[in-house]
Amino acid sequence: MSYDSFTCPVCNGAKQTMAFVCGRPEVSGLRALTCQTCKGVGSIPEWEMRAYNEQAAKKKQRRAVREALDLSMMEMAKRMGMSRQDYNDYEHGRRD
Ligand SMILES: [Zn+2]
């Protein structure tokens, strides 16, 4: 790990995340999957860490606004003239 990489904030360096997988009996259940954030590396570069932090900050802020208004995601989406999916992406900081 070089000086400018950070431990992955999602898997905490474990390189895997646990996820519930649905499908055929031999593959369904709780599985360890390769972490999508660090792509199984366990650490992410500085720019990606910064992007992650920015996204996390947006998410926190946007959620706080909605909760202050005491609205559900559906109600908030309607108020902002967005689809529920678009609003969900917006609140999670995946779009602006
Ligand atoms: Zn990771």
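The legends below describe a predicted model, in which local features need pLDDT of at least 70, side-chain atom pairs count only at pLDDT 80 or more, and totals for chains, interfaces and linings use all residues. Residues are numbered from 1 along each chain as its sequence is written.

**Figure 1. Overall arrangement of the protein chain.** The protein chain has three helices and four strands (DSSP runs of H or I with at least four residues for helices, and of E with at least two for strands, numbered from the N terminus). From the N terminus on, these elements follow the order β-β-β-β-α-α-α. The radius of gyration, taken over C-alpha atoms, is 17 Å, well over the 12 Å that the globule rule gives for 96 residues, so the protein chain is more spread out than a compact globule; the rule is 2.2 Å times the number of residues to the power 0.38. Along its principal axes the C-alpha trace spans about 45 × 45 × 20 Å. Buried residues make up 9% of the 96 residues; a residue is buried if 20 or more other C-beta atoms, placed from the backbone, lie within 10 Å of its own, exposed if 12 or fewer, and partly exposed in between. Among contacts between residues at least 6 apart in sequence, 51% join residues at least 24 apart, a contact being a pair of residues whose C-beta atoms, placed from the backbone, lie within 7 Å.

**Figure 2. Confidence along the protein chain.** The mean pLDDT (the predictor's confidence in each residue, from 0 to 100) is 92, and 97% of the residues reach 70 or more. Confidence is lowest in strand 2, at a mean of 89, and highest in helix 2 (residues 73-79), at 97.

**Figure 3. The largest nonpolar core and Cys-38.** Five residues form the largest nonpolar core, namely Cys-8, Cys-11, Cys-35, Cys-38 and Ile-44. Such a core is a set of buried Ala, Val, Leu, Ile, Met, Phe, Trp, Tyr and Cys residues joined through C-beta atoms within 7 Å. In soluble globular proteins, nonpolar side chains tend to be buried together. Cys-38 is found in the loop between strand 3 and strand 4 and counts as buried because it has 24 C-beta neighbours inside 10 Å. Not counting residues up to four places away in sequence, Cys-38 touches Cys-8, Cys-11, Lys-15, Ser-43 and Ile-44.

**Figure 4. Two loop residues with positive phi.** Most residues other than glycine have a negative phi, and most peptide bonds are trans. Asn-12, in the loop between strand 1 and strand 2, has a positive phi near 60°. This residue is exposed, because 11 other C-beta atoms lie within 10 Å. Lys-39 lies in the loop between strand 3 and strand 4 (43-45), and its phi is positive, near 55°. With 11 C-beta neighbours inside 10 Å, Lys-39 counts as exposed. The C-alpha atoms of Cys-38 and Asn-12 are separated by 9.8 Å, although the two residues are 26 residues apart along the chain.

**Figure 5. Pairing of strand 2 and strand 3.** Strand 2 and strand 3 (residues 29-34) pair in the antiparallel sense over six bridges, where pairing requires at least two bridges found by DSSP. Val-21 stands opposite Gly-29 in strand 3. The count of buried residues is zero among the six residues of strand 2, and zero among the six residues of strand 3.

Figure 6. Helix 1 (residues 46-68) has 23 residues and reaches 33 Å from its first C-alpha to its last, close to the 33 Å expected at 1.5 Å a residue; the expected span is 1.5 Å times one less than the number of residues. The number of buried residues in helix 1 is zero, so the helix lies largely in the open. Pro-9, in the loop between strand 1 (5-7) and strand 2 (16-21), counts as partly exposed, with 15 C-beta neighbours inside 10 Å. Pro-9 and Leu-69 are 60 residues apart in sequence and 30 Å apart in space, C-alpha to C-alpha.

Terms used: Contact = placed C-beta atoms within 7 Å.
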